[in-house]
Structures are given as structure tokens and as C-alpha cells.
Amino acid sequence: MLVAHLAAALALFHVPAVVDALHAHEASALERTGALLVLLTVFASLLRALWSEFRKRGCMLCLHEDGLLEVLPATGEGGSVWRVAPDSVVVLGWAVWFRPVALDGAAPCCDGVIRVPAMMLLARNLHARDWRLFRIWLRHKAGRPVADAPVLA
């Protein structure tokens, strides 16, 4: 994540319009403002991504045999039960993506504050043994219909 944002910032320095607006003395105030706004947007995106990673640290995932995923905040109380949306799972060796769906109809959230439309977990978010088991669970248990769960369209 940090590498992707760093690459985006470095790529902007190869865009002639941004470089010229930042370094040329004849650049107008509007051009300089636009270039700074682009760089600030990348920086704000980096801060938001780092904050999201920091907030995920406090969450604990409990995987159920029936394909349900229980998410508990760091306090251990007020968790929510999710179901992984069918056909939303992407499993790679270093990362997984999935779209959680809360069973109670509310928007899925990790700590009661942050809404989670999709979740990405990296291998370094979990211990090596847990990472392997989580990927197996995602491939074989998650996203399957649950008898008591509401059917999603």
C-alpha cells in the first residue's frame, strides 16, 4: 500500500504538466494550485489508507464452519456477523479481497465507525499459519449460501 502511493507520487513527477507547474517561474497561480492539489490528494489518500490499516489492527476475525465471519473490535464487545458476498473473493498468495455483507442488514463495519464496502487483507495482517487457514476458508467455506441467511440479489 505504501509502495503503491509512493509510486503514484513519483509517477506524478514524470507528468510534464505537474513538473512544469511546480518548477517553472512562468506558471500561473492556477497551474501551481492544480499541481499542489494533485499532490495533496495523493498524500491524503496515503493517510487514509494508513489509517484504515491501523484500524484493522484492532479487529479480530472469527471464522465459522458455516461460512460466516464474525468481526470483533479490539474491545471484544459489540462485534458483527458478516457473510462473504458470493463471487466477490479474490485470493492471491500475498493478499485477499472480499465484499462483506452484514446479516443484520446494516453496513458492515469493523469498529462501529468505519464502514467496510470491501475488505483487503495482506499476508502480514495475520500470522503465517492463520493466513493459510484464512485463504483456505475463503476458497471453500465463504460465499456459500447459509440456510438462515437472507438471500442476496
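## Strand pairing and the model

Two strands count as paired if DSSP finds at least two bridges between them. The structure discussed here is a predicted model. In it, strand S1 and strand S2 (residues 68–72) run antiparallel and are joined by 4 bridges. Within this pairing, Leu63 stands opposite Leu69 in S2.

## Overall make-up

The protein chain contains 4 helices and 7 strands. Their sequence order is α-α-α-β-β-β-β-β-β-β-α.

Of the 153 residues in the protein chain, 31% are buried. The chain exposes about 10,200 Å², and 64% of that area is supplied by carbon and sulfur atoms. Taking contacts between residues at least 6 apart in sequence, 48% join residues at least 24 apart.

## The four-stranded sheet

S1 and S2 belong to an open sheet of 4 strands, ordered S1-S2-S3-S6 and paired antiparallel. At its edges lie strand S1 (60–63) and strand S6 (100–102), each of which pairs on one side only. With direction ignored, neighbouring strands in this sheet are turned by 35° against each other on average.

Helix H4 packs on this sheet and touches S1, S2 and strand S3 (80–84). The direction of H4 makes about 50° with that of S1.

## The three-stranded sheet

Another open sheet has 3 strands in the order S4-S5-S7, again with antiparallel pairing. Its edge strands are S4 (90–91) and S7 (119–122), and each pairs on one side only. Strand S5 (residues 95–98) pairs with S7 in the antiparallel sense over 4 bridges. Trp97 has Met120 in S7 as its bridge partner.

Helix H4 (residues 128–140) packs on this sheet too, where H4 touches S4, S5 and S7. Here the direction of H4 makes about 35° with that of S5.

## A nonpolar surface patch

Phe43, Leu47 and Leu50 make a nonpolar surface patch of about 270 Å². Leu47 lies in helix H3 (residues 29–56).

Conventions. Residues are numbered from 1 along each chain as its sequence is written. This is a predicted model: local features need pLDDT of at least 70, side-chain atom pairs count only at pLDDT 80 or more; totals for chains, interfaces and linings use all residues. Side-chain values use heavy atoms; hydrogens and water are left out. Patches are made of residues with over 30% relative accessible area and no salt bridge: like charges are joined within 9 Å, nonpolar side chains (Val, Leu, Ile, Met, Phe, Trp, Tyr) within 5 Å. Accessible areas come from the Shrake-Rupley method with a 1.4 Å probe; for residues, only the protein chains shown count as cover. A salt bridge is a side-chain nitrogen of Lys or Arg within 4 Å of a carboxyl oxygen of Asp or Glu. Helices (H or I, at least four residues) and strands (E, at least two) are DSSP runs, numbered from the N terminus. Contact means heavy atoms within 4.5 Å. Axes are lines fitted to C-alpha atoms, for helices over the stretch in contact, and angles run from 0 to 180 degrees between N-to-C directions. Buried means under 20% relative accessible area, exposed over 50%, partly exposed in between (1.4 Å probe, protein chains only).
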